[in-house]
Amino acid sequence: MSDFEKLAELLFPTILKTPEDYENLYPERGLKEGARVSRFSPSPTGYLHFGGLYAATASMLNARVTDGVFYLRIEDTDKKREVEGGVDAIVDGLNYFGLTVDEGVTGSDSEKGDYGPYTQSKRAEIYQTFAKDLVKKGLAYPCFCSAEELEEIREAQADEDIKGYWGKYAKCRDLSYDEIKANIDAGKLWTLRLKSMGDPENRIKFDDLIRGKIEMQENVIDVVLLKTDGIPTYHFAHAVDDHLMRTTHVVRGDEWIASVPLHIQLFKTLGFRPVKYAHIAPIMKEEDGGKRKLSKRKDPEAAVSYYVEEGFPQESVSEYILTILNSNFEDWRRANRDAELSAFPFNLKKMSVSGALFDMMKLIDVSKNVISTMTADRVFALSYEWAKQFNPDLAALYEKDTDYAKAVLNIDRGNKKPRKDIAKWSDIPDYISYMYDESFIPCFELTGNATPALAVEVLEKYRDIVDLDDDKDAWFEKIKSICEPCGCTPNVKEFKQNPEAFRGHVGDVSTVIRVALTGRTNTPDLYSITALLGKERVLNRIDGAIKFYGEEA
């Protein structure tokens, strides 16, 4: 037995399996040629970030457009940063926004798929098996350097270009088997380091699927593979996991570009085929004439929980994310107005190299468009589910008369050009407030040519002819009929030609009625509103307005 083999047994006496055992346990997936296996692998250190949702969407679409596999892996090797409930927060966030995984973690205590466990803290034996194999081959070694010694190395390298545990600074790299055994017998803690075969004079080239060809210095650092507790670093764990889970493509933040030389080296040292990387630029936000990263600390919209609490539908957020993911999405959407998002031919190469710009107004516009195409039943169902959790008052209004609520939500819906008043479910309480006595707040502010004196005359005449059995044409003819007796013209064009001859036009008359009934100058179809309010409510509101304007006139 060689010294390397003896060392492997000394360091990992309880590890009895071999890499071959895991190669057999996790065979090639047998997917069709070109199918991609992509993953989202967050750490459970807090809420799901919008940038994470953005990356996860890119990763999912990257797999789906090739009939591949998208899975969720939880990278929880840093227990100090883990937050209670973090896994469920991630899973719930993905589920809410329609990012369904084909396999992987589905909850804090559940998962699906044949390539698990998909939680890194449950894979310690797997990592140690591959670590033991590296030691056996002379490609890894234990390091006994203390924190103080490592700090001394950092200080000594202050003026050097390459910083880290390498070359003459790698004090433990050439320890003999006997020296290592003596240290272990003495109870010294050790980490396991890669024995890098890199050369500072060498360069590596790789093809980033978003940024194109990149050339960087080869890795020479003897990085830590296993910490003193036997738990792997991210670098080592992700290489082992991506290989055994048969990952083909990794979509991740561009802060990892600097690690690519190390990661490719790890794959090759382990005897694995490297994955293909696509590095995403961070989500940016405009501020004070410049741009900065979307911040967890400064921006409430950085947390995906913000969109849930505000009531943005899943479809709206998904649609918006695609507008910033691929530069050609909006052209595709205009040509395919009714198509499912899954039909969009997503392409990593169409992603921005400089970073997508987050624009709340654009999200609101997108969401208004999405909601405007929904049926009233769907708007009711989705907003009711939201209201039960976030707005009990709205839920109570709905429950009082669901048919009435659906009818209110159906006003001007289904037209060729539907109104776009609602961007999120939290807009609905204000949007429908005048349809309920409990939430109606009278406001008698007039616009256009209407005056309090004219309002009194219009409302007194309208009160006498209100008939909710009228169809829309008859209703509007009655409104026109009270124009001339009030000194107005039923013809807007005529008013524009000779404004001095009239107190106003039919639009002003309609505005007076609209304001009296709704407290607003801009609403959906007034005929439909009147019909739903009912005659008693209509008359009561007209009487209140007449009283107000009479005192003002």
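Where is Arg246 found? Arg246 sits in the loop between helix H8 (234-244) and strand S10 (249-253). Helices here are DSSP runs of H or I with at least four residues, strands are E runs of at least two, and both are numbered from the N terminus.

A word on the source. This is a predicted model: local features need pLDDT of at least 70, side-chain atom pairs count only at pLDDT 80 or more, and totals for chains, interfaces and linings use all residues. Residues are numbered from 1 along each chain as its sequence is written, and side-chain values use heavy atoms, with hydrogens and water left out.

Back to the backbone. Most residues other than glycine have a negative phi, and most peptide bonds are trans. Arg246 is not a glycine, yet its phi is positive, about 60°. At 9% relative accessibility, Arg246 counts as buried. Buried means under 20% relative accessible area, exposed means over 50%, and partly exposed lies in between, with a 1.4 Å probe and protein chains only.

Asp67 also has a positive phi, near 55°. Its place is the loop between helix H3 (50-64) and strand S2 (69-72). Is Asp67 buried or exposed? Asp67 counts as exposed, because its relative accessibility is 53%.

Next, a cis peptide bond. Gly116 and Pro117 are joined by it, with omega about 0°. Pro117 belongs to the loop between strand S4 (110-112) and helix H5 (124-136).

Now the strands. In a regular strand the side chains alternate between the two faces of the sheet. Look at S6, residues 191-194. Thr191 and Arg193 point one way, Leu192 and Leu194 the other, and all are buried. Strand S5 (residues 140-143) runs antiparallel to S6, joined by four bridges. Strands pair if DSSP finds at least two bridges between them. S9 (residues 224-226) is also antiparallel to S6, with two bridges. Follow Arg193 across. Tyr141 stands opposite Arg193, and in S9 the bridge partner of Arg193 is Val224.

On to helix packing. H21 (residues 506-518) and H23 (residues 535-552) pack at about 110°, with axes 8 Å apart. Axes are lines fitted to C-alpha atoms, for helices over the stretch in contact, and angles run from 0 to 180 degrees between N-to-C directions. The two helices, H21 and H23, are therefore roughly perpendicular. The classes are: under 35 degrees roughly parallel, over 145 roughly antiparallel, 65 to 115 roughly perpendicular, the rest oblique.

Which residues of H21 meet H23? Val515, Ala516 and Leu517 do, against Val538, Arg541, Ile542, Ala545 and Tyr549. Contact means heavy atoms within 4.5 Å.

Last, the rings. The structure holds 27 aromatic pairs. Rings of Phe, Tyr and Trp (its six-membered ring) pair if their centres lie within 6.5 Å; planes under 30 degrees apart are stacked, over 60 edge-to-face, the rest tilted. Tyr320 and Phe358 have ring centres 5.9 Å apart and planes at 85°, so the pair is edge-to-face. Tyr320 in H11 (residues 314-325) and Phe358 in S14 (residues 357-358) are 38 residues apart, so this pair links distant parts of the chain. Both Tyr320 and Phe358 are buried.

Finally, a cluster. Ring pairs link Tyr22, Tyr26, Tyr115, Phe130, Phe267 and Phe272.
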